[in-house]
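I opened the model today to look up a few local features. My notes follow in the order of looking.

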Amino acid sequence: MAVEEKQETGFVKDIRKQSVDFPGWYNDVVRKAQLADNSPVAGTMVIRPYGYAIWENIRDPLDELIKQTGHENWYFPALIPLSFLQKEREHVEGFAPEFQLVTKGGGKDLEEPLVLRPTSETMIASVLRDYIQSYRDLPVLTNQWNNVFRWELKARFFLRTREFLWQEGHTFHETATEAEEEVARMLECYRQIAEEWCAIPVLAGRKSETEKFAGAQYSTAIEGMMVDGKALQMATSHYFGENFTRAYDLTFTGRSNERQFPHSTSWGMSTRMVGAVVMAHGDDSGLQLPPRIAPVQVVIIPIFRSDAERHQIEAALPGVLDELDDIRVKVDWRDERPGFKFNEWELKGVPLRIEIGPRDLAKGEAAVVRRLDRLKKAVPLGELALTVPAMLEKIQEALFERARGFREKHTVRLTSLDAVVKFFDTEIGFAVTPWCGRSEDELTVKERTTATTRVILPGSGRPEGPCAICGRPAVTDVAWGKAY
RNA sequence: CGGGGCGUGGCGCAGCCUGGUUAGCGCGCUUGCUUUGGGAGCAAGAAGUCGAGGGUUCGAAUCCCUCCGCCCCGACCA
(Lines give C-alpha, C1' and ligand atoms only; values in the text may rest on other atoms or scores of the structure.)
Protein backbone atom coordinates (compact mmCIF):
# COMPACT_ATOMS: atom_id res chain seq x y z
CA MET A 1 0.00 0.00 0.00
CA ALA A 2 2.69 2.39 0.99
CA VAL A 3 4.52 1.50 -2.16
CA GLU A 4 1.46 2.17 -4.31
CA GLU A 5 0.87 5.54 -2.76
CA LYS A 6 4.42 6.52 -3.31
CA GLN A 7 4.26 5.48 -6.94
CA GLU A 8 1.09 7.47 -7.38
CA THR A 9 2.52 10.68 -6.03
CA GLY A 10 5.59 10.06 -8.14
CA PHE A 11 3.58 10.15 -11.32
CA VAL A 12 1.41 13.03 -10.24
CA LYS A 13 4.54 14.97 -9.47
CA ASP A 14 5.86 14.48 -12.98
CA ILE A 15 2.97 14.69 -15.41
CA ARG A 16 -0.62 15.73 -15.10
CA LYS A 17 -3.32 13.16 -15.76
CA GLN A 18 -4.32 12.85 -19.37
CA SER A 19 -7.99 12.46 -18.52
CA VAL A 20 -8.07 15.49 -16.23
CA ASP A 21 -6.02 18.05 -18.12
CA PHE A 22 -5.10 16.99 -21.63
CA PRO A 23 -3.21 20.13 -22.69
CA GLY A 24 -1.34 20.09 -19.37
CA TRP A 25 -0.56 16.43 -19.82
CA TYR A 26 0.75 17.08 -23.32
CA ASN A 27 2.94 19.90 -22.12
CA ASP A 28 4.36 17.83 -19.29
CA VAL A 29 5.06 14.82 -21.48
CA VAL A 30 6.88 16.86 -24.10
CA ARG A 31 9.14 18.42 -21.50
CA LYS A 32 9.64 15.50 -19.16
CA ALA A 33 10.32 13.08 -21.98
CA GLN A 34 12.83 15.66 -23.20
CA LEU A 35 11.35 16.06 -26.65
CA ALA A 36 11.41 19.84 -26.50
CA ASP A 37 11.53 22.76 -24.14
CA ASN A 38 10.74 26.42 -24.06
CA SER A 39 13.29 28.72 -25.62
CA PRO A 40 14.37 32.25 -24.73
CA VAL A 41 12.25 33.54 -27.63
CA ALA A 42 8.50 33.66 -27.18
CA GLY A 43 6.57 31.32 -29.41
CA THR A 44 9.56 29.20 -30.36
CA MET A 45 10.93 26.01 -28.89
CA VAL A 46 14.11 24.06 -28.55
CA ILE A 47 13.87 20.58 -29.98
CA ARG A 48 16.01 18.35 -27.80
CA PRO A 49 17.95 15.35 -29.10
CA TYR A 50 15.32 12.78 -28.19
CA GLY A 51 12.57 14.76 -29.90
CA TYR A 52 14.77 15.47 -32.88
CA ALA A 53 15.60 11.78 -33.19
CA ILE A 54 11.89 11.03 -33.49
CA TRP A 55 11.60 13.69 -36.18
CA GLU A 56 14.54 12.14 -38.01
CA ASN A 57 12.84 8.77 -37.90
CA ILE A 58 9.78 10.30 -39.55
CA ARG A 59 11.75 12.52 -41.89
CA ASP A 60 14.05 9.84 -43.28
CA PRO A 61 11.43 7.44 -44.61
CA LEU A 62 9.45 10.39 -45.96
CA ASP A 63 12.52 11.71 -47.73
CA GLU A 64 13.00 8.25 -49.17
CA LEU A 65 9.42 8.21 -50.47
CA ILE A 66 9.80 11.67 -51.94
CA LYS A 67 12.87 10.58 -53.82
CA GLN A 68 11.31 7.31 -54.91
CA THR A 69 8.48 9.26 -56.48
CA GLY A 70 10.93 11.20 -58.61
CA HIS A 71 11.53 14.38 -56.65
CA GLU A 72 14.84 16.07 -56.01
CA ASN A 73 15.86 18.10 -52.98
CA TRP A 74 16.68 21.77 -53.49
CA TYR A 75 17.36 24.62 -51.19
CA PHE A 76 15.82 28.05 -51.64
CA PRO A 77 16.52 31.12 -49.49
CA ALA A 78 14.64 31.81 -46.29
CA LEU A 79 14.38 35.53 -47.03
CA ILE A 80 11.75 36.41 -49.59
CA PRO A 81 11.18 39.89 -51.02
CA LEU A 82 7.84 41.18 -49.81
CA SER A 83 6.81 41.94 -53.37
CA PHE A 84 7.01 38.24 -54.26
CA LEU A 85 4.35 37.39 -51.75
CA GLN A 86 2.16 40.20 -53.00
CA LYS A 87 1.82 38.89 -56.51
CA GLU A 88 -0.83 36.30 -55.72
CA ARG A 89 -3.74 38.04 -54.10
CA GLU A 90 -5.35 35.21 -52.13
CA HIS A 91 -1.97 33.98 -51.07
CA VAL A 92 -0.80 37.26 -49.59
CA GLU A 93 -4.16 37.84 -47.94
CA GLY A 94 -3.93 34.43 -46.34
CA PHE A 95 -0.42 34.80 -45.06
CA ALA A 96 0.04 38.53 -44.43
CA PRO A 97 -0.95 38.33 -40.75
CA GLU A 98 1.78 35.77 -40.24
CA PHE A 99 4.67 37.63 -41.87
CA GLN A 100 7.86 38.30 -39.97
CA LEU A 101 9.78 41.04 -41.72
CA VAL A 102 13.46 41.85 -41.97
CA THR A 103 13.72 45.57 -42.62
CA LYS A 104 17.33 46.31 -41.81
CA GLY A 105 20.66 45.01 -42.98
CA GLY A 106 24.14 46.29 -42.29
CA GLY A 107 22.61 48.89 -40.02
CA LYS A 108 20.60 50.47 -42.82
CA ASP A 109 16.99 50.21 -43.89
CA LEU A 110 16.54 47.76 -46.73
CA GLU A 111 15.10 49.09 -49.96
CA GLU A 112 12.56 46.33 -49.86
CA PRO A 113 11.60 44.42 -46.73
CA LEU A 114 12.35 40.71 -46.73
CA VAL A 115 9.86 38.24 -45.36
CA LEU A 116 11.02 35.25 -43.36
CA ARG A 117 9.48 32.55 -45.52
CA PRO A 118 6.11 31.32 -44.27
CA THR A 119 6.19 28.93 -47.27
CA SER A 120 8.07 29.08 -50.55
CA GLU A 121 5.58 29.00 -53.43
CA THR A 122 6.49 32.50 -54.48
CA MET A 123 10.24 32.12 -54.24
CA ILE A 124 10.22 28.86 -56.12
CA ALA A 125 7.95 30.14 -58.88
CA SER A 126 10.21 33.17 -59.24
CA VAL A 127 13.31 31.05 -59.56
CA LEU A 128 11.91 28.29 -61.74
CA ARG A 129 10.63 30.89 -64.14
CA ASP A 130 14.14 30.92 -65.56
CA TYR A 131 14.53 27.17 -65.72
CA ILE A 132 11.27 26.25 -67.36
CA GLN A 133 11.16 27.11 -71.06
CA SER A 134 9.65 24.20 -72.86
CA TYR A 135 7.26 21.34 -72.23
CA ARG A 136 10.44 19.28 -72.46
CA ASP A 137 11.54 20.87 -69.16
CA LEU A 138 8.45 19.56 -67.40
CA PRO A 139 7.62 18.21 -64.98
CA VAL A 140 9.88 19.86 -62.42
CA LEU A 141 9.59 17.98 -59.18
CA THR A 142 11.22 19.83 -56.27
CA ASN A 143 11.31 19.34 -52.56
CA GLN A 144 13.09 21.15 -49.78
CA TRP A 145 13.65 20.50 -46.10
CA ASN A 146 13.76 23.71 -44.14
CA ASN A 147 12.38 25.91 -41.43
CA VAL A 148 9.49 28.32 -41.90
CA PHE A 149 8.18 31.23 -39.86
CA ARG A 150 4.64 32.21 -39.04
CA TRP A 151 3.64 34.75 -36.46
CA GLU A 152 1.38 32.52 -34.41
CA LEU A 153 -0.43 34.07 -31.48
CA LYS A 154 -0.40 31.11 -29.16
CA ALA A 155 2.32 28.51 -29.27
CA ARG A 156 2.14 24.84 -28.39
CA PHE A 157 5.04 22.43 -28.60
CA PHE A 158 5.28 20.96 -32.12
CA LEU A 159 1.66 21.80 -32.93
CA ARG A 160 2.02 25.52 -33.40
CA THR A 161 5.18 27.55 -33.02
CA ARG A 162 6.51 30.64 -34.74
CA GLU A 163 9.25 28.65 -36.36
CA PHE A 164 9.01 25.02 -37.36
CA LEU A 165 10.68 22.40 -39.51
CA TRP A 166 9.06 20.71 -42.44
CA GLN A 167 9.44 19.60 -45.98
CA GLU A 168 7.76 21.53 -48.75
CA GLY A 169 7.41 19.98 -52.16
CA HIS A 170 6.68 22.14 -55.20
CA THR A 171 6.03 20.71 -58.62
CA PHE A 172 5.23 22.03 -62.08
CA HIS A 173 3.42 20.06 -64.74
CA GLU A 174 2.36 20.32 -68.33
CA THR A 175 -1.22 19.29 -67.71
CA ALA A 176 -3.83 19.58 -65.00
CA THR A 177 -4.29 15.84 -64.93
CA GLU A 178 -0.63 15.25 -64.25
CA ALA A 179 -0.59 17.85 -61.49
CA GLU A 180 -3.69 16.44 -59.87
CA GLU A 181 -2.20 12.97 -59.94
CA GLU A 182 0.83 14.41 -58.20
CA VAL A 183 -1.32 15.94 -55.47
CA ALA A 184 -2.95 12.58 -54.82
CA ARG A 185 0.34 10.70 -55.02
CA MET A 186 1.96 12.82 -52.34
CA LEU A 187 -1.08 12.68 -50.10
CA GLU A 188 -0.76 8.93 -50.33
CA CYS A 189 2.90 9.17 -49.25
CA TYR A 190 1.78 11.10 -46.20
CA ARG A 191 -0.88 8.54 -45.44
CA GLN A 192 1.77 5.89 -45.56
CA ILE A 193 4.10 7.73 -43.18
CA ALA A 194 1.26 8.47 -40.77
CA GLU A 195 -0.24 5.00 -40.76
CA GLU A 196 2.67 2.69 -41.38
CA TRP A 197 5.37 4.52 -39.49
CA CYS A 198 3.58 6.62 -36.91
CA ALA A 199 0.76 4.11 -36.44
CA ILE A 200 -1.84 6.86 -36.69
CA PRO A 201 -4.88 6.06 -38.85
CA VAL A 202 -5.94 9.00 -40.99
CA LEU A 203 -8.83 10.30 -42.99
CA ALA A 204 -7.50 11.47 -46.33
CA GLY A 205 -9.47 13.74 -48.59
CA ARG A 206 -10.18 17.22 -49.85
CA LYS A 207 -10.58 20.25 -47.65
CA SER A 208 -13.59 22.50 -48.03
CA GLU A 209 -13.29 25.89 -49.73
CA THR A 210 -12.99 27.68 -46.40
CA GLU A 211 -10.33 25.32 -45.09
CA LYS A 212 -8.16 25.27 -48.18
CA PHE A 213 -4.68 26.77 -48.52
CA ALA A 214 -4.52 30.43 -49.51
CA GLY A 215 -4.06 30.52 -53.27
CA ALA A 216 -4.94 26.90 -53.99
CA GLN A 217 -7.61 25.62 -56.34
CA TYR A 218 -8.17 22.91 -53.82
CA SER A 219 -6.34 21.37 -50.90
CA THR A 220 -6.20 17.84 -49.62
CA ALA A 221 -5.09 16.66 -46.20
CA ILE A 222 -4.70 13.77 -43.85
CA GLU A 223 -6.48 14.15 -40.54
CA GLY A 224 -5.90 12.09 -37.43
CA MET A 225 -7.82 11.81 -34.20
CA MET A 226 -5.96 12.45 -30.99
CA VAL A 227 -6.88 10.69 -27.75
CA ASP A 228 -8.87 13.71 -26.60
CA GLY A 229 -11.07 13.27 -29.67
CA LYS A 230 -9.78 16.36 -31.44
CA ALA A 231 -8.69 16.36 -35.04
CA LEU A 232 -5.16 17.14 -36.09
CA GLN A 233 -4.21 17.94 -39.66
CA MET A 234 -0.97 16.09 -40.15
CA ALA A 235 -0.04 16.97 -43.73
CA THR A 236 -1.47 18.76 -46.74
CA SER A 237 -1.20 18.53 -50.52
CA HIS A 238 -2.46 21.34 -52.74
CA TYR A 239 -3.45 21.78 -56.35
CA PHE A 240 -2.85 25.29 -57.67
CA GLY A 241 -3.87 24.97 -61.26
CA GLU A 242 -2.31 27.96 -63.01
CA ASN A 243 -2.80 30.33 -60.06
CA PHE A 244 0.83 30.75 -59.14
CA THR A 245 2.38 30.36 -62.56
CA ARG A 246 0.08 33.05 -63.97
CA ALA A 247 0.86 35.37 -61.07
CA TYR A 248 4.58 34.89 -61.73
CA ASP A 249 4.29 34.82 -65.47
CA LEU A 250 5.95 31.43 -65.44
CA THR A 251 5.32 29.99 -68.88
CA PHE A 252 6.53 27.26 -71.17
CA THR A 253 6.23 26.67 -74.88
CA GLY A 254 3.84 23.80 -75.49
CA ARG A 255 3.89 20.97 -77.98
CA SER A 256 2.18 23.06 -80.64
CA ASN A 257 4.38 26.10 -80.05
CA GLU A 258 1.95 28.08 -77.87
CA ARG A 259 2.79 29.72 -74.56
CA GLN A 260 1.21 27.94 -71.62
CA PHE A 261 1.17 28.10 -67.86
CA PRO A 262 2.30 25.00 -65.99
CA HIS A 263 -0.04 23.51 -63.43
CA SER A 264 1.64 23.52 -60.05
CA THR A 265 1.28 21.75 -56.71
CA SER A 266 2.72 21.96 -53.24
CA TRP A 267 2.63 19.64 -50.27
CA GLY A 268 4.10 19.53 -46.80
CA MET A 269 4.54 17.59 -43.60
CA SER A 270 6.03 19.20 -40.53
CA THR A 271 7.42 18.58 -37.06
CA ARG A 272 3.79 18.77 -35.99
CA MET A 273 3.87 15.05 -36.72
CA VAL A 274 5.92 14.57 -33.56
CA GLY A 275 3.12 16.15 -31.58
CA ALA A 276 0.65 13.89 -33.34
CA VAL A 277 2.55 10.82 -32.18
CA VAL A 278 2.53 12.08 -28.61
CA MET A 279 -1.20 12.80 -28.64
CA ALA A 280 -2.26 9.72 -30.54
CA HIS A 281 -0.49 7.10 -28.44
CA GLY A 282 0.48 8.60 -25.10
CA ASP A 283 -1.11 7.69 -21.78
CA ASP A 284 -0.86 8.64 -18.10
CA SER A 285 2.58 7.07 -17.89
CA GLY A 286 3.82 9.34 -20.64
CA LEU A 287 4.91 8.91 -24.19
CA GLN A 288 4.38 5.76 -26.17
CA LEU A 289 6.32 5.41 -29.38
CA PRO A 290 5.60 3.17 -32.34
CA PRO A 291 8.67 0.93 -32.72
CA ARG A 292 9.37 2.02 -36.27
CA ILE A 293 10.01 5.62 -35.23
CA ALA A 294 11.28 5.07 -31.69
CA PRO A 295 14.85 6.36 -31.27
CA VAL A 296 15.33 3.62 -28.70
CA GLN A 297 13.36 0.49 -29.52
CA VAL A 298 14.69 -1.63 -26.68
CA VAL A 299 16.19 -0.45 -23.42
CA ILE A 300 18.18 -2.92 -21.37
CA ILE A 301 18.13 -2.45 -17.63
CA PRO A 302 20.86 -4.40 -15.83
CA ILE A 303 19.87 -5.44 -12.35
CA PHE A 304 22.52 -6.23 -9.78
CA ARG A 305 23.46 -5.76 -6.17
CA SER A 306 27.10 -6.68 -5.92
CA ASP A 307 30.08 -6.08 -8.16
CA ALA A 308 30.13 -9.81 -8.84
CA GLU A 309 26.59 -9.65 -10.18
CA ARG A 310 27.44 -6.62 -12.22
CA HIS A 311 30.36 -8.41 -13.84
CA GLN A 312 28.14 -11.36 -14.57
CA ILE A 313 25.78 -9.13 -16.54
CA GLU A 314 28.60 -7.33 -18.27
CA ALA A 315 29.86 -10.69 -19.42
CA ALA A 316 26.47 -11.73 -20.77
CA LEU A 317 25.71 -8.45 -22.56
CA PRO A 318 27.78 -8.82 -25.72
CA GLY A 319 25.88 -11.98 -26.52
CA VAL A 320 22.57 -10.24 -25.92
CA LEU A 321 23.50 -7.25 -28.06
CA ASP A 322 24.61 -9.60 -30.76
CA GLU A 323 21.13 -11.10 -30.81
CA LEU A 324 19.64 -7.61 -31.17
CA ASP A 325 21.77 -6.68 -34.10
CA ASP A 326 19.39 -4.63 -36.26
CA ILE A 327 17.55 -3.05 -33.40
CA ARG A 328 18.06 0.34 -31.79
CA VAL A 329 19.14 -0.72 -28.32
CA LYS A 330 20.28 1.27 -25.33
CA VAL A 331 21.84 -0.20 -22.23
CA ASP A 332 21.15 1.91 -19.18
CA TRP A 333 24.09 1.56 -16.81
CA ARG A 334 23.39 4.78 -14.98
CA ASP A 335 23.77 4.73 -11.23
CA GLU A 336 20.05 4.77 -10.55
CA ARG A 337 17.78 2.17 -9.09
CA PRO A 338 15.99 -0.11 -11.57
CA GLY A 339 12.54 1.13 -10.57
CA PHE A 340 13.53 4.66 -11.42
CA LYS A 341 14.74 3.56 -14.84
CA PHE A 342 11.56 1.57 -15.52
CA ASN A 343 9.45 4.63 -14.94
CA GLU A 344 11.69 6.96 -16.83
CA TRP A 345 11.90 4.83 -19.97
CA GLU A 346 8.16 4.32 -19.89
CA LEU A 347 7.77 8.08 -19.72
CA LYS A 348 10.01 8.28 -22.76
CA GLY A 349 7.86 5.78 -24.60
CA VAL A 350 10.40 3.05 -25.33
CA PRO A 351 8.39 0.12 -26.70
CA LEU A 352 10.30 -2.73 -25.08
CA ARG A 353 12.35 -3.08 -21.93
CA ILE A 354 14.65 -5.97 -21.22
CA GLU A 355 15.56 -6.64 -17.61
CA ILE A 356 18.61 -8.74 -17.02
CA GLY A 357 19.49 -9.73 -13.48
CA PRO A 358 21.02 -12.66 -11.64
CA ARG A 359 17.72 -14.53 -11.51
CA ASP A 360 17.35 -14.28 -15.29
CA LEU A 361 20.92 -15.21 -16.03
CA ALA A 362 20.65 -18.24 -13.79
CA LYS A 363 17.93 -19.50 -16.11
CA GLY A 364 19.59 -18.24 -19.28
CA GLU A 365 16.74 -15.83 -19.85
CA ALA A 366 15.86 -12.14 -19.96
CA ALA A 367 12.62 -10.52 -18.85
CA VAL A 368 11.04 -8.62 -21.73
CA VAL A 369 8.35 -6.06 -20.87
CA ARG A 370 6.06 -4.21 -23.29
CA ARG A 371 5.40 -0.52 -22.76
CA LEU A 372 2.00 -1.10 -24.34
CA ASP A 373 0.54 -3.08 -21.47
CA ARG A 374 3.49 -3.89 -19.21
CA LEU A 375 3.13 -7.51 -20.19
CA LYS A 376 6.22 -9.33 -18.96
CA LYS A 377 7.63 -12.35 -20.67
CA ALA A 378 10.70 -14.50 -20.01
CA VAL A 379 12.66 -15.06 -23.20
CA PRO A 380 15.67 -17.41 -23.49
CA LEU A 381 18.73 -15.35 -24.34
CA GLY A 382 19.31 -17.36 -27.50
CA GLU A 383 15.83 -16.56 -28.81
CA LEU A 384 15.95 -12.78 -28.50
CA ALA A 385 16.94 -12.40 -32.14
CA LEU A 386 13.66 -14.02 -33.17
CA THR A 387 11.35 -12.86 -30.42
CA VAL A 388 12.21 -9.19 -30.05
CA PRO A 389 11.71 -8.11 -33.69
CA ALA A 390 8.43 -10.01 -33.75
CA MET A 391 7.30 -8.30 -30.56
CA LEU A 392 8.21 -4.90 -31.96
CA GLU A 393 6.20 -5.55 -35.08
CA LYS A 394 3.27 -6.68 -33.03
CA ILE A 395 3.43 -3.54 -30.92
CA GLN A 396 3.52 -1.41 -34.05
CA GLU A 397 0.35 -3.10 -35.25
CA ALA A 398 -1.30 -3.00 -31.86
CA LEU A 399 -0.78 0.76 -31.56
CA PHE A 400 -2.27 1.32 -34.98
CA GLU A 401 -5.24 -0.95 -34.28
CA ARG A 402 -5.85 0.65 -30.93
CA ALA A 403 -5.81 4.12 -32.47
CA ARG A 404 -8.11 2.95 -35.23
CA GLY A 405 -10.50 1.36 -32.78
CA PHE A 406 -10.55 4.57 -30.79
CA ARG A 407 -11.30 6.62 -33.87
CA GLU A 408 -14.06 4.31 -34.98
CA LYS A 409 -15.59 4.34 -31.55
CA HIS A 410 -15.63 8.12 -31.66
CA THR A 411 -16.91 8.57 -35.18
CA VAL A 412 -20.65 8.79 -35.70
CA ARG A 413 -22.86 9.24 -38.70
CA LEU A 414 -25.44 12.00 -38.27
CA THR A 415 -28.11 13.48 -40.49
CA SER A 416 -29.31 16.65 -38.78
CA LEU A 417 -27.88 19.88 -37.46
CA ASP A 418 -29.44 19.27 -34.07
CA ALA A 419 -27.73 15.92 -33.83
CA VAL A 420 -24.41 17.51 -34.78
CA VAL A 421 -24.81 20.23 -32.18
CA LYS A 422 -25.78 17.72 -29.54
CA PHE A 423 -22.87 15.46 -30.48
CA PHE A 424 -20.25 18.14 -30.05
CA ASP A 425 -21.93 19.27 -26.89
CA THR A 426 -21.70 15.91 -25.19
CA GLU A 427 -19.23 13.73 -27.08
CA ILE A 428 -15.78 13.87 -28.55
CA GLY A 429 -14.70 12.79 -32.01
CA PHE A 430 -15.80 13.05 -35.62
CA ALA A 431 -19.30 13.51 -36.93
CA VAL A 432 -19.83 12.42 -40.52
CA THR A 433 -22.78 13.92 -42.37
CA PRO A 434 -24.10 14.40 -45.86
CA TRP A 435 -23.34 17.95 -46.94
CA CYS A 436 -24.21 20.32 -49.75
CA GLY A 437 -20.80 22.00 -49.67
CA ARG A 438 -21.90 25.54 -48.79
CA SER A 439 -19.57 27.63 -46.61
CA GLU A 440 -22.59 29.09 -44.81
CA ASP A 441 -23.19 25.69 -43.25
CA GLU A 442 -19.65 25.58 -41.92
CA LEU A 443 -20.22 28.96 -40.30
CA THR A 444 -23.44 27.75 -38.73
CA VAL A 445 -21.80 24.66 -37.31
CA LYS A 446 -18.73 26.53 -36.14
CA GLU A 447 -20.80 29.09 -34.31
CA ARG A 448 -22.86 26.47 -32.54
CA THR A 449 -20.17 23.87 -31.84
CA THR A 450 -16.72 25.31 -32.69
CA ALA A 451 -16.30 22.27 -34.93
CA THR A 452 -15.23 22.64 -38.56
CA THR A 453 -15.12 20.43 -41.60
CA ARG A 454 -11.95 18.36 -41.57
CA VAL A 455 -12.07 16.42 -44.80
CA ILE A 456 -14.55 15.67 -47.50
CA LEU A 457 -14.74 11.91 -47.57
CA PRO A 458 -13.85 10.52 -50.95
CA GLY A 459 -15.10 7.48 -52.71
CA SER A 460 -18.61 7.16 -51.41
CA GLY A 461 -20.14 9.12 -54.26
CA ARG A 462 -23.29 11.10 -53.74
CA PRO A 463 -24.65 10.38 -50.26
CA GLU A 464 -28.20 9.41 -49.47
CA GLY A 465 -30.54 12.13 -48.30
CA PRO A 466 -30.27 15.88 -47.95
CA CYS A 467 -27.51 18.02 -46.42
CA ALA A 468 -27.60 17.47 -42.67
CA ILE A 469 -27.06 21.14 -41.96
CA CYS A 470 -29.42 23.00 -44.29
CA GLY A 471 -31.52 20.39 -46.05
CA ARG A 472 -30.41 21.23 -49.58
CA PRO A 473 -29.36 18.34 -51.79
CA ALA A 474 -26.16 16.82 -50.45
CA VAL A 475 -23.25 16.34 -52.80
CA THR A 476 -20.79 14.64 -50.50
CA ASP A 477 -20.05 13.19 -47.07
CA VAL A 478 -17.94 15.35 -44.82
CA ALA A 479 -16.24 14.73 -41.48
CA TRP A 480 -16.71 17.41 -38.83
CA GLY A 481 -14.44 17.76 -35.84
CA LYS A 482 -12.96 20.12 -33.33
CA ALA A 483 -9.51 20.81 -34.62
CA TYR A 484 -6.14 21.74 -33.25
C1' C B 1 -5.03 44.81 -28.94
C1' G B 2 -9.28 44.06 -24.63
C1' G B 3 -10.25 41.17 -19.58
C1' G B 4 -7.60 38.16 -15.32
C1' G B 5 -2.90 36.41 -12.98
C1' C B 6 2.37 36.21 -12.08
C1' G B 7 7.87 37.64 -11.93
C1' U B 8 12.15 35.34 -5.33
C1' G B 9 18.92 29.73 -6.51
C1' G B 10 18.05 25.20 -12.55
C1' C B 11 12.43 24.00 -11.58
C1' G B 12 8.04 24.63 -8.30
C1' C B 13 6.74 27.78 -4.40
C1' A B 14 6.51 30.49 0.82
C1' G B 15 7.73 35.24 2.77
C1' C B 16 4.95 40.87 1.04
C1' C B 17 -1.04 42.64 3.71
C1' U B 18 1.26 44.28 9.35
C1' G B 19 8.81 47.20 6.30
C1' G B 20 13.97 45.40 10.64
C1' U B 21 19.74 42.90 7.65
C1' U B 22 21.66 35.21 8.72
C1' A B 23 15.68 35.32 2.52
C1' G B 24 13.27 30.11 3.66
C1' C B 25 11.03 25.26 1.89
C1' G B 26 10.39 21.08 -1.69
C1' C B 27 12.52 19.00 -6.12
C1' G B 28 16.97 18.95 -8.72
C1' C B 29 22.54 19.40 -8.44
C1' U B 30 27.69 17.99 -5.93
C1' U B 31 30.36 14.63 -2.42
C1' G B 32 30.36 10.41 0.87
C1' C B 33 28.22 6.02 3.08
C1' U B 34 24.26 2.56 2.94
C1' U B 35 20.93 0.85 -0.93
C1' U B 36 19.39 -1.43 -5.92
C1' G B 37 13.67 -6.97 -9.65
C1' G B 38 8.57 -0.54 -10.05
C1' G B 39 10.43 6.65 -8.99
C1' A B 40 15.83 4.82 -2.20
C1' G B 41 17.71 6.64 2.84
C1' C B 42 21.03 9.46 5.75
C1' A B 43 24.83 13.13 6.19
C1' A B 44 27.58 17.16 4.40
C1' G B 45 27.73 20.94 0.58
C1' A B 46 27.22 24.47 -3.77
C1' A B 47 23.91 27.69 -5.73
C1' G B 48 19.72 33.84 -5.20
C1' U B 49 21.89 41.74 -8.09
C1' C B 50 14.19 38.85 -4.67
C1' G B 51 12.30 41.05 -13.24
C1' A B 52 14.44 46.42 -14.25
C1' G B 53 14.67 51.61 -12.99
C1' G B 54 13.20 55.41 -9.81
C1' G B 55 10.94 57.06 -5.17
C1' U B 56 9.45 56.92 0.33
C1' U B 57 12.33 55.51 4.78
C1' C B 58 17.49 55.30 9.57
C1' G B 59 16.28 50.66 6.94
C1' A B 60 12.63 47.79 1.09
C1' A B 61 11.71 41.07 -1.53
C1' U B 62 7.92 43.74 1.49
C1' C B 63 5.07 50.43 0.63
C1' C B 64 4.47 54.03 -3.98
C1' C B 65 5.40 55.19 -9.39
C1' U B 66 7.17 53.77 -14.20
C1' C B 67 8.90 50.22 -17.47
C1' C B 68 9.99 45.21 -19.13
C1' G B 69 8.84 40.13 -19.49
C1' C B 70 5.76 35.82 -19.00
C1' C B 71 1.14 32.90 -18.44
C1' C B 72 -4.45 32.18 -19.05
C1' C B 73 -9.08 33.84 -21.83
C1' G B 74 -11.55 36.33 -26.84
C1' A B 75 -9.98 37.11 -33.82
C1' C B 76 -5.44 33.17 -37.94
C1' C B 77 -2.60 28.57 -38.97
C1' A B 78 1.32 22.76 -40.73
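How many bridges join E4 to strand E6? I counted 3 bridges between E4 and strand E6 (residues 108-116), and the two run antiparallel. For the record, this is a predicted model: local features need pLDDT of at least 70, side-chain atom pairs count only at pLDDT 80 or more, and totals for chains, interfaces and linings use all residues. Residues are numbered from 1 along each chain as its sequence is written, chains are lettered from A and ligands numbered from 1 in the order in which they are written, and side-chain values use heavy atoms, with hydrogens and water left out.

**Sheet.** I looked up one bridge by residue: leucine 79 has leucine 116 in E6 as its partner. I then traced the open sheet, where 3 strands follow the order E4-E6-E5 with antiparallel pairing. Strand E4 (79-81) and strand E5 (101-105) are the edges, each pairing on one side only. Neighbouring strands here are turned by 50° against each other on average, direction ignored. My terms: strands are DSSP runs of E, at least two residues, numbered from the N terminus; two strands pair if DSSP finds at least two bridges between them. Axes are lines fitted to C-alpha atoms, and angles run from 0 to 180 degrees between N-to-C directions.

**Aromatics.** I found 12 aromatic pairs in the structure. Rings of Phe, Tyr and Trp (its six-membered ring) pair with centres within 6.5 Å; planes under 30 degrees apart are stacked, over 60 edge-to-face, the rest tilted. Tryptophan 435 and tryptophan 480 have ring centres 6.0 Å apart and planes at 70°, so I logged the pair as edge-to-face. The pair links distant parts of the chain, strand E21 (residues 430-435) and strand E23 (residues 476-481), with the two tryptophans 45 residues apart. Tryptophan 435 is buried, at 1% relative accessibility. Tryptophan 480 is buried too, at 0%. Buried means under 20% relative accessible area, exposed over 50%, partly exposed in between (1.4 Å probe, protein chains only). I also noted one aromatic cluster of Phe95, Phe213, Phe240 and Phe244.

**Serine 39.** Is serine 39 buried or exposed? Serine 39 counts as buried because its relative accessibility is 19%. I placed serine 39 in the loop between strand E1 (36-38) and strand E2 (45-47). Its side chain reaches the backbone nitrogen of valine 41 at 3.0 Å. The side chain of serine 39 also makes a polar contact with the side chain of threonine 44, at 2.6 Å. A polar contact is a pair of N or O atoms within 3.5 Å; within protein, one must be able to donate a hydrogen and the other to accept it, and residues adjacent in sequence count only if both atoms are side-chain atoms.

How values were computed:
Helices (H or I, at least four residues) and strands (E, at least two) are DSSP runs, numbered from the N terminus.
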